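Subject: Structure handover

Hello,

Here is the structure I said I would pass on. Please open it beside this message and follow along; my notes come after it.

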Amino acid sequence: MLPTTLVNSGSQGNGVLSRRDAARHTAGAKRYKYLRRLFHFRQMDFEFALWQMLYLFTSPQRVYRNFHYRKQTKDQWARDDPAFLVLLSVWLCVSTVGFGFVLDMGFFETIKLLLWVVFIDCVGVGLLIATLMWFISNKYLVKQQNRDYDVEWGYAFDVHLNAFYPLLVILHFIQLFFINYVIISDSVIGYFVGNTLWLIAIGYYIYVTFLGYSALPFLKNTAILLYPFALLIMLYLISLACGWNFTKMLCSFYKYRVK
């Protein structure tokens with residue numbers, strides 16, 4: 001789960017890690033500790049996870065400043081507490097059930113929708129994006145003078161979860177109040193409201209992702225991660241001009257998938 005690996009950290013006189021330090025700092029050891037805590041709810045700090053979720057909307061920079069603090073105190077950037085993942089899973093289930101209710105789906109159709117959203121939209125797409133960002137950041141963004149560091153895949157997935165949460169709340173919660181009465185109506189205001197929510201949600205995802213990688217001091221040129229904003233705005237304007245309704249298309253797709 002560590003986003004960085006320091007070759008010379010905790011080394012012996014010959015530059016080789018001691019057996020104890022090497023075992024303690026391996027990704028496998030960190031992953032085992034993280035997964036083990038999933039079954040100990042009393043050890044999770046849900047209050048702090050809720051604080052992070054709030055500030056991912058209001059001030060995401062503060063969340064990543066806390067990542068810096070964790071690096072200084074626990075020698076790792078990524079979360080060592082699965083409370084955020086647990087709360088995100090609860091949000092995902094509740095919002096998807098609400099989505100199924102708004103779309104007038106039956107019980108089994110809602111369960112199918114929930115499985116699709118969890119394993120495809122969140123986990124599957126998240127694995128793909130995290131792997132792509134892990135490759136790009138290590139291949140093109142690591143500073144030459146800091147080749148002892150690299151971005152590990154676990155941190156890339158952690159950044160995805162941070163960016164996915166605001167998108168989830170906007171598209172799977174806030175949007176629910178406008179779908180039946182505004183968005184899916186065949187009117188200009190319908191696709192304007194719906195597509196604007198998509199613009200805000202994906203814009204949040206891009207920005208929070210940028211903050212995640214710019215927080216790592218050994219990366220360079222992270223501003224290129226903001227370039228997709230130009231494509232996003234262009235696609236938004238084209239959709240308004242052509243009358244595309246992204247939310248209506250999503251609802252039709254979800255109904256097709258659960259049949």
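Start with Q175, which is found in the loop between α7 and α8. Helices, like strands, are DSSP runs numbered from the N terminus (H or I, at least four residues, for helices; E, at least two, for strands). At 0% relative accessibility, Q175 counts as buried. Buried means under 20% relative accessible area, exposed means over 50%, and partly exposed is in between, with a 1.4 Å probe and protein chains only. Leaving out residues up to four places away in sequence, Q175 touches I170, I183, G194, L197, W198 and T247; a contact means heavy atoms within 4.5 Å.

Before going further, note that this is a predicted model, in which local features need pLDDT of at least 70 and side-chain atom pairs count only at pLDDT 80 or more, while totals for chains, interfaces and linings use all residues. Residues are numbered from 1 along each chain as its sequence is written, and side-chain values use heavy atoms, with hydrogens and water left out.

The overall picture

The protein has eleven helices and zero strands. Of its 259 residues, 44% are buried. Among contacts between residues at least 6 apart in sequence, 74% join residues at least 24 apart.

The UniProt record, an unreviewed entry, lists residues 83–102, 114–136, 163–184, 196–219 and 225–247 under "transmembrane region". Its positions are given in the numbering used here, feature names are shortened, and annotations may be inferred rather than shown by experiment. In the model, residues 163–184 are 68% helix and 0% strand, with the end C-alpha atoms 26 Å apart. Residues 196–219 are 79% helix and 0% strand, and there the end C-alpha atoms lie 32 Å apart.

Two helix pairs

Two packed helices are described by the angle between their axes and the distance between the axes. Axes are lines fitted to C-alpha atoms, for helices over the stretch in contact, and angles run from 0 to 180 degrees between N-to-C directions. Angles under 35 degrees count as roughly parallel, over 145 as roughly antiparallel, 65 to 115 as roughly perpendicular, and the rest as oblique.

How do α9 and α10 pack? Their axes are 10 Å apart, at an angle of about 175°, and α9 and α10 are therefore roughly antiparallel to each other. On the α9 side the residues that meet α10 include Y191, F192, L199 and I206; on the α10 side they include P228, F229, L232 and Y236. By class, this contact has twelve nonpolar, four polar and no charged residues. Here Ala, Val, Leu, Ile, Met, Phe, Trp, Tyr, Cys and Pro count as nonpolar, Asp, Glu, Lys and Arg as charged, and the others, Gly among them, as polar.

The axes of α3 (residues 46–58) and α4 (residues 60–74) come within 6 Å and cross at roughly 135°, so the two helices are oblique to each other. Among the residues in this contact are W51 and Y55 in α3 and R62 and F67 in α4. The contact of α3 with α4 has seven nonpolar, three polar and two charged residues.

Single residues

D158 is found in helix α7 (residues 153–172) and, at 5% relative accessibility, counts as buried. Apart from neighbours within four places in sequence, D158 is in contact with F67, A78 and R79.

K220 lies in the loop between α9 and α10 and is partly exposed at 29% relative accessibility. The C-alpha atoms of K220 and V142 are 6.1 Å apart, although the two residues are 78 apart in sequence.

N221 lies in that loop between α9 and α10 as well, and has a positive phi of about 55° although it is not a glycine. Most residues other than glycine have a negative phi. D104, in the loop between α5 (83–102) and α6 (107–141), also has a positive phi, near 60°. N221 is exposed at 53% relative accessibility, and D104 is exposed at 69%.

The salt bridge

How many salt bridges are there? The count comes to one, taking a salt bridge as a side-chain nitrogen of Lys or Arg within 4 Å of a carboxyl oxygen of Asp or Glu. The side chains of D186 and K248 form it, at 2.5 Å from N to O. D186 lies in the loop between α8 (179–183) and α9 (188–214) and K248 in helix α11 (residues 246–257), so the pair ties together parts that are 62 residues apart in sequence. D186 is exposed at 73% relative accessibility, whereas K248 is partly exposed at 32%.

Regards
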